[in-house]
Amino acid sequence: MNRPVIPDFGRGSDCVRENRLFCGEWVRDNWEGVLLPRLVEHVELTLVAVAVGFAIAFAAAVAAHRLPRLETPFAFVAAFLYTIPSLALFQLLVPVTGLTVATVQVALVGYTLLVLFRNVLTGLQSVPPDALEAARGMGLTRRQTLWRVELPLALPALLAGVRIAVVTTVSLATVAAFVLPRGLGQPIFDALREYFTTKLIAAGVLAVLLAVAADALLVLAGRAVTPWTRARRPA
Amino acid sequence: MDAAEIEFREATKRYPGRREAAVDRLSLRVAPGEVCVLVGPSGAGKTTALKLVNRLVELDDGDVLVGGHSVRQLDATALRRGIGYVIQQAGLFPHLTVASNVATVPKLLGWKRSRIDARVRELLELVGLDPLAYGPLYPSQLSGGQRQRVGLARALAADPGVLLMDEPFGALDPITRARLQEEFLALQREVRKTVVFVTHDVDEATTLADRVAVLREGGSLAQHAPPDELLAAPADEFVARFLGADRGLKRLALRRLGDVELEPAELVRPGDPELPAATSLRDAVSAMLAGGRARCAVADAGAVRGSLSLERVAALLGRNGSR
């Protein structure tokens with residue numbers, strides 16, 4: 001070898017050895033061993049974070065809808081969590097929860113709360129007053145009104161919130177590799193250390209594709225569960 | 001369910017922070033199967049009085065009895081499920097189809113699926129909507145008048161004995177409004193519910209009511225009487241002013257040519273207008289005045305049955321009740 005290549009990739013094609021911008025064959029060779037497992041982990045991280053975040057934000061939004069004086073403190077806490085820089089938050093959490101998935105999840109969940117809380121609450125508040133009046137007048141209990149009238153009508157806003165939460169979490173979860181070798185962030189961190197652009201680009205593009213695919217899936221699911229929003233007057 | 005009597009006994013409601021009562025010692029009896037229309041200027045507590053019946057507003061004093069039972073003693077949810085409720089914007093659930101909207105209360109009551117489906121079909125037909133065409137539509141796909149029909153069908157779904165209607169036709173254009181009023185009367189002849197109906201429109205009140213209850217600011221009852229009696233003999237200055245200077249004409253609107261004793265057809269002169277027997281006296285007078293005539297011919301099924309003069313109309317007004 002007549003020029004220092006750091007690191008030494010050893011085997012591999014010229015493309016990889018010379019660390020050209022992007023080598024398709026590296027992706028092919030490492031799909032099953034490196035990229036796919038990280039992608040699956042990334043999906044897991046995102047799903048758990050959004051699911052837990054949604055459960056918390058949903059409960060908080062329903063409570064704030066019933067008791068409006070809770071809205072401001074809840075929104076304040078969620079906004080506060082949202083403003084903490086993610087790397088700083090990871091660093092702060094490590095002494096408490098260690099280098100574990102809990103650290104990652106606490107942070108990811110924290111970042112979903114603001115948008116989910118806001119959207120669920122906005123959805124609940126946007127229910128037409130005459131529909132609520134009719135519900136009460138027909139003898140629906142508060143619980144029945146919530147589940148049969150308010151929540152279905154809040155669905156469009158709620159789903160819009162979930163879309164934003166999912167896309168931001170997919171993006172943010174790459175930073176989790178700072179704490180834990182998990183998800184698509186890990187190959188990105190490796191690549192940054194190795195100056196290996198193929199890995200960087202492959203993992204980065206996968207994260208973007210994952211976000212786009214998840215968003216598209218949510219749009220389709222949303223359309224399926226809110227048929228009334230697309231009802232047009234018959235000609 | 002059989003129509004139930006509704007009785008207000010010194011019913012009183014005060015809202016905190018307001019000196020005047022919203023409803024002040026209101027005593028009023030609505031007989032089973034009767035349409036009672038509450039009218040009055042804004043601030044007269046019409047809607048509040050209506051909501052005392054299904055406890056959307058809670059009484060402070062006095063009582064309201066539905067079918068002989070005090071609403072205070074009844075569970076609010078059960079009470080409301082037994083009372084049809086129609087509001088101005090219809091209040092349909094935007095996320096449910098017309099059929100599901102109508103099925104709301106039967107579902108709450110746990111009816112069987114087949115019974116609900118049959119009832120929904122029956123009711124949509126009753127309010128003049130084809131169940132196959134309209135059942136699967138969403139409220140956003142309906143016109144204002146159609147929404148109100150669905151609202152009425154939904155209120156009637158569990159066959160309540162009592163129907164509360166809070167300005168149900170208030171947001172409709174005049175033509176749709178008149179059509180729905182007529183249809184409501186035809187429907188009421190069929191279903192015979194005890195109806196409490198709120199409006200601020202005197203014409204609507206006198207058209208629909210068996211008895212009109214006029215409320216004044218502060219929520220006290222000014223007069224409770226059948227429309228003709230009310231228009232003929234307002235109890236006081238306030239009622240007279242509220243009914244308007246044209247209350248004589250409004251009274252004429254209550255009767256049709258076919259309802260009154262006619263004069264001989266021979267008195268008709270060439271040029272006198274010929275009107276069908278279903279024409280209201282008000283429209284007949286208007287037609288005579290428009291043509292500069294003092295008499296009109298009354299036709300029924302194409303043949304002239306008799307005639308009516310302006311003089312005769314005046315005599316008719318004078319005959320029953322005057323001040």
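**Figure 1. B:Ser309 in strand E13 of chain B.** B:Ser309 lies in strand E13 (residues 303–309) of chain B; helices (H or I, at least four residues) and strands (E, at least two) are DSSP runs, numbered from the N terminus. The model is predicted: local features need pLDDT of at least 70, side-chain atom pairs count only at pLDDT 80 or more, and totals for chains, interfaces and linings use all residues. Residues are numbered from 1 along each chain as its sequence is written, while chains are lettered from A and ligands numbered from 1 in the order in which they are written. B:Ser309 counts as partly exposed because it has 17 C-beta neighbours inside 10 Å. A residue is buried if 20 or more other C-beta atoms lie within 10 Å of its own, exposed if 12 or fewer, and partly exposed in between, with C-beta atoms placed from the backbone. Leaving aside neighbours within four places in sequence, B:Ser309 is in contact with B:Glu263, B:Ala294 and B:Arg295. Contact puts two C-beta atoms, placed from the backbone, within 7 Å. B:Arg192 is 117 residues from B:Ser309 along the chain, and their C-alpha atoms are separated by 36 Å.

**Figure 2. The open sheet E11-E12-E13 of chain B.** This open sheet has 3 strands and mixed pairing. Two strands pair if DSSP finds at least two bridges between them. Strand E11 (274–276) and E13 of chain B are the edge strands, each pairing on one side only. From one strand to the next, the twist averages 35°. E11(B) and strand E12 (residues 295–300) of chain B run parallel, joined by 3 bridges. B:Leu275 has B:Val298 in E12(B) as bridge partner. Helix H13 (residues 281–291) of chain B packs on the sheet and touches E11, E12 and E13 of chain B. The direction of H13 makes about 130° with that of E12(B). Angles run from 0 to 180 degrees between N-to-C directions, and axes are lines fitted to C-alpha atoms, for helices over the stretch in contact.

**Figure 3. The antiparallel sheet E2-E1-E4-E5 of chain B.** Here 4 strands form an open sheet with antiparallel pairing. Its edge strands are strand E2 (23–30) and strand E5 (69–70) of chain B. Strand E4 (residues 61–66) of chain B pairs with E5(B) over 2 bridges, in the antiparallel sense. B:His69 in E5(B) is the bridge partner of B:Val66.

**Figure 4. Helices H2 and H5 of chain A.** The axes of helix H2 (residues 24–66) and helix H5 (residues 101–125) of chain A come within 7 Å and cross at roughly 40°. H2(A) is therefore oblique to H5(A). Angles under 35 degrees count as roughly parallel, over 145 as roughly antiparallel, 65 to 115 as roughly perpendicular and the rest as oblique. By class, the contact of H2(A) with H5(A) has 21 nonpolar, 5 polar and no charged residues. Ala, Val, Leu, Ile, Met, Phe, Trp, Tyr, Cys and Pro count as nonpolar, Asp, Glu, Lys and Arg as charged, and the others, Gly among them, as polar.

**Figure 5. Where chain A touches chain B.** In this view, 19 residues of chain A are in contact with 18 residues of chain B. Helix H6 (129–137) and helix H7 (142–172) of chain A each supply at least two residues of the chain A side. H6(A) gives the most, with 6 residues. The chain A side has 11 nonpolar, 3 polar and 5 charged residues.

**Figure 6. Helix H6 of chain A.** Among the buried residues of H6(A) are A:Ala131, A:Ala134 and A:Arg136. The buried residues of H6(A) pack against H7 of chain A, together with helix H2 (76–81) and strand E6 (83–86) of chain B. Just after H6(A), A:Gly139 takes a positive phi of about 90°.
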